[in-house]
Amino acid sequence: MEQQKLNPAIVYVLAIIGLLCCCFGGLGFILAGIAFIIANSKLNAAKLNPENYDQNSIKAMNTAKIVALVILIINLLYLIMSIYRIYTVGWDELMQKSQEMMEQWQQNQ
């Protein structure tokens, strides 16, 4: 019987896009969370029948799960920091500072 292979590509793609979305206030936690859940469910299926799965693909999926978890934690920390900044500084103040930075950047161009 041929052993099944776990393909971690979708986990990596979702996790990396989640990392890029970290810049949007930590909203990449959604994609990183989905990537982590996918990896975890596939690894749990492989744990039930380890003889049916290629060991190298299990190791690759485990690595992808760790990458997704790290990116998930980064996004959650950034989300908490963003919420804290909005709560302490205020949305209007943050938007004003952002506008000033954009104007300054345009003047330097």
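Confidence. I looked up mean pLDDT (the predictor's confidence in each residue, from 0 to 100) by element, and found helix H2 (residues 29-48) highest at 96 and helix H4 (residues 91-108) lowest at 91. Helices here are DSSP runs of H or I with at least four residues, numbered from the N terminus. The protein averages 93, and 99% of the residues score at least 70.

Ground rules. This is a predicted model, in which local features need pLDDT of at least 70 and side-chain atom pairs count only at 80 or more, while totals for chains, interfaces and linings use all residues. Residues are numbered from 1 along each chain as its sequence is written, and side-chain values use heavy atoms, with hydrogens and water left out.

Leu6. I listed the contacts (heavy atoms within 4.5 Å) of Leu6, setting aside neighbours within four places in sequence: Lys42, Leu43, Ala46, Tyr53, Ser57, Ile58 and Met61.

Pocket. A pocket is an open set of points on a 1 Å grid over the protein atoms alone, where a 1.4 Å probe fits, with protein on both sides within 12 Å along at least five of seven lines; lining residues have an atom within 4 Å of a point. I noted 14 lining residues for the largest pocket, with Tyr78, Ser82, Arg85, Leu94 and Met95 nearest its centre. H4 gives the most to this lining, six residues.

Methods:
Helices (H or I, at least four residues) and strands (E, at least two) are DSSP runs, numbered from the N terminus.
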